[in-house]
Amino acid sequence: MAGPEQPPAAGGGPDGGAAPGAAEGLGERPLSQGLSVLVGLALCVTMLGLGCAVELGQLGRQLRRPVGVLLALLGQFVAMPLVAFLLALIFALDEVAAVAVLLCGCCPGGNLSNLMSVLVDGDMTLSIIMTASSTLLALLLMPLCLWLYSRPWIHTALVRLLPLGAVSLTLGSTLLPIGLGVLIRYRYPRAADLLVKVSLWSLLVTLVILFILTGTMLGPDLLAHIPASVYAIAVLMPLTGYALGYGLATLFRMPPHCRRTVSLETGCQNVQLCTAILKLTFPPQLVGGMYMFPLLYALFQAAEAGLFVLAYKVYGRDGPKQEMLGEEEDTDISYRKLKEEEVPDTSYGTVTTEEFGAAPTEPAQTAL
């Protein structure tokens, strides 16, 4: 049989996630080169949109009180990598699937969280700051987390050849479109607003195209070759991230709209970056069908975030608005009461209108 002749890291077995022929086809077909170009362009557009959403004034305020940066650090590079690591151990993944899961867990926050934060009336500024700061922190912390959490699979060929340098280079290449986006925001705010909308829509369109093209190249039986444990992780991982993010924001005693924002920001990963790293830095014959994991993660994180938004619209939408309305009414009543009970100025020499009008006018008497 041809199966045993393939190395375990090639993804040919049931735990690897794809048949050997499909893995080889991913690297040999001309369509694969076009897919690599599409992945690179999608990553550039996403990072450009992220830069266009950042204002220099926001960055200055966050540097003076870096709560958003701290939350991004704890959520994206402490909580999520640990969740990915524990899930990989619990489900006893092989090295190929484990690396794909770890890579996705170590990625910074994605643009999907910015869109979802708007839909749940979250703090858009906090969401953008967390996304931008986690992307910059990923330059150092993402390779470090990958190296740290891949130790249990260190004796495998894939982990020994883990291209941390190429991962860092791919992360560094995102700085150019981010910096260009910040410059466009500073010089041309209207164009920046348009580019932000384009990047959000391109995110959804690109994920659909990537899913279709990858399925076409790897064959119709691709999804059947991916282990059930990988599907389970793709479902549990974003859900756990949402829960941990909400708990983290609660621990920091943040208001409800900020808790929703941190929750979405923690669970939503930058799947474009994860896909680009898997496609551009790892040999396709080693990765195999696990190239599909970030796309599966994107599918489930969007579906679960959609349920989050739906639950908020149905059950939680009127609460904050009613609370804000009550605050406005209290403020208005207090202000009117203050005006009604305003104490007149009775300092020496002051004559009020009432006193002036009430002053008796007596006819002058002339001395005879």
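**Close-up views of helix contacts, a pocket and a cavity**

**View A. Helix α5 beside helix α13.** In this view α5 passes α13 in a right-handed crossing (the near helix is turned clockwise from the far one by less than a right angle; helices are DSSP runs of H or I with at least four residues, numbered from the N terminus). The model is predicted, so local features need pLDDT of at least 70 and side-chain atom pairs count only at pLDDT 80 or more, while totals for chains, interfaces and linings use all residues. Residues are numbered from 1 along each chain as its sequence is written, and side-chain values use heavy atoms, with hydrogens and water left out. The axes of α5, which covers residues 95-105, and α13, which covers residues 228-251, come within 11 Å and cross at roughly 10 degrees (axes are lines fitted to C-alpha atoms over the stretch in contact, and angles run from 0 to 180 degrees between N-to-C directions). That angle makes α5 roughly parallel to α13 (under 35 degrees; over 145 counts as roughly antiparallel). On the α5 side, Ala97, Val101, Cys104 and Gly105 take part, and they meet Val230, Ile233 and Met237 of α13 (contact means heavy atoms within 4.5 Å). By class, the contact of α5 with α13 consists of six nonpolar residues, one polar residue and no charged residue (Ala, Val, Leu, Ile, Met, Phe, Trp, Tyr, Cys and Pro count as nonpolar, Asp, Glu, Lys and Arg as charged, and the others, Gly among them, as polar).

**View B. Helix α7 against helix α9.** Here α7 and α9, the latter made of residues 164-173, pack at an angle of about 155 degrees, and their axes lie 9 Å apart. That angle makes α7 roughly antiparallel to α9, and α7 passes α9 in a right-handed crossing. From α7 come Ala138, Leu139, Met142, Pro143, Leu146 and Trp147, which meet Leu164, Val167, Ser168, Leu171 and Gly172 in α9. The residues of the contact of α7 with α9 comprise nine nonpolar, two polar and no charged ones.

**View C. Helix α7 against helix α14.** With α14, which spans residues 256-267, α7 packs at an angle of about 30 degrees, the two axes being 9 Å apart. The two helices, α7 and α14, are therefore roughly parallel to each other, and α7 passes α14 in a right-handed crossing. Leu126, Ser127, Met130 and Thr131 of α7 make the contact with Cys258, Thr261, Val262 and Glu265 of α14. Among the residues of the contact of α7 with α14, four are nonpolar, three are polar and one is charged.

**View D. The largest pocket.** This pocket holds about 280 Å³ of space (on a 1 Å grid over the protein atoms alone, a pocket is an open set of points with protein on both sides within 12 Å along at least five of seven lines, whereas in a cavity a 1.4 Å probe fits but cannot get out; lining residues have an atom within 4 Å of a point). Its lining is formed by 20 residues, and those nearest the centre are Leu204, Leu207, Ala298, Leu299 and Ala302. At least two lining residues come from each of α6 (112-119), α11 (189-218), α15 (271-281) and α17 (293-316), and α17 gives the most, with six residues. The lining of the largest pocket has 14 nonpolar and six polar residues, and no charged ones.

**View E. The largest cavity.** The count comes to three cavities of 30 Å³ or more, and the largest cavity contains about 60 Å³ of space (a volume is the space filled by probe spheres set on grid points joined across faces, edges and corners). Gly49, Leu50, Ala53, Asn111, Asn114, Met124, Ile128, Val196, Ser199 and Leu200 line the largest cavity. Each of α2 (30-52), α7 (124-149) and α11 supplies at least two residues of this lining, and the largest share, three residues, comes from α11. Six residues of the lining of the largest cavity are nonpolar, four are polar and none is charged.

Methods: Angles under 35 degrees count as roughly parallel, over 145 as roughly antiparallel, 65 to 115 as roughly perpendicular and the rest as oblique.
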